[in-house]
Structure formats: structure tokens, C-alpha cells
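Visitor: I'd like to learn how to read this model. Could you walk me through it, one feature at a time?

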Amino acid sequence: MVHPSFPSSCTRRRGLIGGLAGLLLLAGCGPAGDGARPGDAAGKPVAEAAPAAPPKLPVVVTFTILADMVATVGGDRVEVATLVGPDSDAHVFSPTPAAAKTIAAAKVVFVNGLGFEGWMDKLIAASGYKGPLVVASDGVEVLKVKPQPHSHRHGHSHGHDHGEVDPHAWQSLSNARRYVANIADALAAADPAHEAGYRARAKAYDERLAQLDEKARARLGAIPASERRVIVGHDAFGYFARAYGLTFLSPRGVSTDSEASAKDVAQLARQIRSQRIRAVFVENISDPRLVEQLARESGARVGGTLFSDALSAKDKRALTYIDMMSHNIEEVAKALAPSGPGS
Ligand SMILES: [Zn+2]
């Protein structure tokens with residue numbers, strides 16, 4: 001997983017981020033990185049930067065899922081720097097001076113929006129960046145956060161107030177198609193000379209997303225309605241649930257910055273038992289102990305890992321957004337299948 005930093009200042013930036021491994025992901029200064037670059041899942045060749053090639057468009061993206069989308073649409077025309085790396089939690093990110101420097105060097109900055117990156121406004125202000133700030137989720141049908149009996153806090157508590165909306169809009173593939181359209185528009189506006197390429201890659205990507213969306217509907221739609229309940233560590237799957245007719249229950253709210261109380265956990269464990277909920281999942285970004293405790297207290301089995309807010313570097317099943325969604329769809333479908341494990 002490589003989100004290349006801007007090549008012009010690799011050395012300097014590497015020095016700056018010495019102590020920040022895993023937070024500010026600016027590894028891979030070469031144009032093609034180690035080949036595991038986001039967006040290459042389709043098997044398209046990684047473009048080689050010829051010596052005479054025009055400089056790439058330096059863009060900053062807040063987190064890995066969105067970075068993969070931007071890299072896929074941008075192709076070999078953009079250099080993507082990602083602020084919050086794989087398997088890391090953007091809800092509780094603490095920006096560094098190096099992050100501000102990276103943003104200052106960007107031509108376009110992409111955020112998810114919907115209050116996901118509560119730390120971003122201050123960081124942009126600190127960086128002095130005056131270019132376009134693209135909210136990738138613009139135009140999606142926003143999901144309000146429903147108060148959950150098992151979760152006593154729902155918001156983020158890092159000095160911002162974004163209202164009661166669920167930020168995890170990328171968890172629906174139809175929303176992702178909107179993200180991709182927004183990304184293509186933004187890149188075309190910032191770099192009109194290469195608009196045709198951005199549009200073509202966005203179209204091809206959109207077709208793959210539409211296909212996977214259709215597959216998800218078929219796969220998850222085949223699960224009996226009475227079985228469609230899943231437990232996860234934090235409430236990141238509201239859009240997935242709405243898109244595919246599932247119910248996700250969680251001991252924590254839509255952010256990861258709150259602790260679940262013992263009472264919440266006990267109550268959810270009772271519900272798992274009484275409703276015979278079989279699918280309990282850990283997430284790649286969170287400590288699995290809470291979910292494991294739930295499984296112990298309820299007798300449910302931990303079905304596996306779902307990828308919620310970040311791609312994975314160590315787990316090869318979620319190197320790209322499409323891989324991540326395919327994996328989540330399959331894991332949930334397998335866990336809830338009538339003859340599936342745990343029944
Ligand atoms: Zn989240």
C-alpha cells in the first residue's frame with residue numbers, strides 16, 4: 001500500500017515524519033512505489049514516469065479509502081499523499097506540522113466530509129492552503145444517526161460539532177459512485193489538460209462499482225430477513241445496512257472516540273443471545289477486545305474482520321476500496337447464510 005508523497009520533497013519529508021510511522025503515510029517516494037499502489041486492483045499497468053513527463057498533480061487525501069478512489073481516477077497524473085494511513089482511525093487522528101506542510105504543497109485537497117475529519121479545518125488553516133477543498137461525499141443521501149439503545153454517545157468529541165449525521169457514506173457502493181463523479185469533476189477542473197483521462201478512468205471505475213453493487217444486492221438479498229443482523233465494534237455500517245437491507249448493532253456510536261460502558265456491553269450481549277444473532281465482527285481499525293468480550297458474554301462466535309474506515313496494509317484482502325467492499329459483502333453473506341458457520 002503506497003500513497004506516494006510528492007517527489008520533489010521526499011527526503012525532507014521523510015526526515016520530518018521519522019517519529020510518526022503509521023500516522024502520516026508518506027512512504028514510497030518512487031513514482032510507482034512498490035507496485036501495491038491503490039487503484040491497481042484492476043490489473044492495469046502502473047504507469048512509468050518518463051523522464052520528460054509533465055509534473056504530476058500533487059493532491060492530499062485524508063484517509064486511505066478515499067485515497068484509493070482518487071488514485072484510481074487520477075491514474076498516473078496525480079501524486080496522492082494520504083494523511084491517515086492504512087488500518088488507522090481517522091476519527092481520532094492528531095495532525096502534525098508535517099501534515100500541514102504536505103497540504104501546503106497540494107493543488108487539490110480531498111476530504112470525506114460529513115464530520116468525519118473533525119481535525120481538518122484547523123489543519124487547513126494552519127497550512128495556509130488556499131486551493132480547492134473537495135468534499136467527496138457531496139450529493140450523497142445523508143444518513144442521520146439514529147439513537148441506539150446500546151450506545152450512549154454518538155458524536156465525535158474533538159472540538160467540533162458536525163451534527164447528527166453518519167460520516168461513513170463510502171460504505172454504500174452507490175454512494176461511492178457519487179464520490180468518484182465528484183473526484184473526476186475536481187481533477188478535471190484542477191488539471192483540464194488531462195480531463196479526458198480522468199473521465200475515462202472514472203467511467204471504467206464507475207462500471208466496476210455498479211457491478212459490485214449489483215452483486216451485493218443479489219448476495220445479501222438472498223439472506224432471510226430474520227437473519228440480517230450483524231454486530232460490529234463501532235457504528236460504521238449504517239450506509240451498508242441501508243443499501244443492502246441489514247441491521248448492524250454496535251456497542252459504540254458512529255465514532256470510535258467513546259468507550260462503551262459495561263452496561264451497554266451486557267445489554268448487547270443479552271440481545272445477541274435473545275435474538276440469536278450469529279454474526280459478530282471485529283474491525284481492522286479498532287481494538288478487537290470489546291467485540292471479543294461481547295462474543296464471550298453472548299456465546300456468539302467472532303465471524304471475522306470487516307473493514308470499516310480504512311484500507312489495510314497488513315491484510316491483503318483490503319488493499320483497495322473494491323477489495324474491501326467485496327470482502328465485507330462476502331464475510332457478511334457467509335456469516336448469515338442459513339447453513340453458514342455458527343448455525
Ligand atoms: Zn468510523
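Visitor: What share of the residues in the chain is buried?

Guide: Of the 343 residues in the chain, buried ones make up 50%. Keep in mind that this is a predicted model. As for the elements, the chain has 10 helices and eight strands.

Visitor: And what about contacts between residues that are at least 24 apart in sequence?

Guide: Take the contacts in the chain between residues at least 6 apart in sequence: 68% of them join residues at least 24 apart.

Visitor: How do I read burial along a helix?

Guide: Start with the general idea. An α-helix has 3.6 residues a turn, so residues three or four places apart point the same way. Now look at H4, residues 120-127. Its buried residues are Met120, Leu123, Ile124 and Ser127. Looking down the axis of H4, you find them within an arc of 100°, so they line one face of the helix.

Visitor: What covers the buried residues of H4?

Guide: The cover includes strands S1 (57-63), S3 and S4 (133-135), along with helix H3.

Visitor: Which residues of H3 are buried?

Guide: In H3, residues 97-104, they are Ala98, Ala99, Thr102 and Ile103. These cover an arc of only 140° around the axis, which puts them on the same side of H3.

Visitor: You mentioned a positive phi for a glycine. Which residue has a positive phi although it is not a glycine?

Guide: Asp87 is one case, with a phi of about 60°. Asp87 sits in the loop between strand S2 (78-84) and H3. Leu114 is another non-glycine with a positive phi, also about 60°. You'll find Leu114 in the loop between strand S3 (108-111) and H4.

Visitor: Is Asp87 buried or exposed? And where does Leu114 stand?

Guide: Here you count C-beta neighbours, and the cut-off for buried is 20 or more within 10 Å. Asp87 has 20 other C-beta atoms within 10 Å, so Asp87 is buried. Leu114 counts as buried because it has 21 C-beta neighbours inside 10 Å.

Visitor: How do I read a pair of packed helices?

Guide: Check the angle, the axis separation, and then who makes the contact. On the H2 side the contact is made by Thr72, Val73 and Gly74, and on the H6 side by Tyr198, Arg201, Ala202 and Tyr205. By class, that contact has four nonpolar residues, two polar and one charged.

Visitor: At what angle do H2 and H5 cross?

Guide: Roughly 55°, and the axes of H2 and H5 (residues 173-190) come within 10 Å. The two helices are therefore oblique to each other, and H2 passes H5 in a right-handed crossing. H2 brings Met69, Val70, Val73 and Gly74 to the contact, while H5 brings Tyr179, Val180, Ile183, Ala184 and Leu187. Those residues divide into eight nonpolar, one polar and no charged.

Visitor: Let me try H8 and H9. What is the hand of their crossing?

Guide: Right-handed. H8 (residues 262-274) and H9 (residues 289-298) pack at about 50°, their axes 8 Å apart, and they are therefore oblique to each other. From H8 the contact takes in Val265, Ala266, Leu268, Ala269, Ile272 and Arg273; from H9 it takes in Gln293, Leu294, Glu297 and Ser298. Sorted by class, the contact of H8 with H9 has six nonpolar, two polar and two charged residues.

Key. Residues are numbered from 1 along each chain as its sequence is written. This is a predicted model: local features need pLDDT of at least 70, side-chain atom pairs count only at pLDDT 80 or more; totals for chains, interfaces and linings use all residues. A residue is buried if 20 or more other C-beta atoms lie within 10 Å of its own, exposed if 12 or fewer, and partly exposed in between; C-beta atoms are placed from the backbone. Helices (H or I, at least four residues) and strands (E, at least two) are DSSP runs, numbered from the N terminus. The arc is that of the directions from the helix axis to the C-beta atoms. Axes are lines fitted to C-alpha atoms, for helices over the stretch in contact, and angles run from 0 to 180 degrees between N-to-C directions. Angles under 35 degrees count as roughly parallel, over 145 as roughly antiparallel, 65 to 115 as roughly perpendicular and the rest as oblique. A crossing is left-handed if the near helix is turned anticlockwise from the far one by less than a right angle, and right-handed if clockwise. Two residues are in contact if their C-beta atoms, placed from the backbone, lie within 7 Å. Ala, Val, Leu, Ile, Met, Phe, Trp, Tyr, Cys and Pro count as nonpolar, Asp, Glu, Lys and Arg as charged, and the others, Gly among them, as polar.
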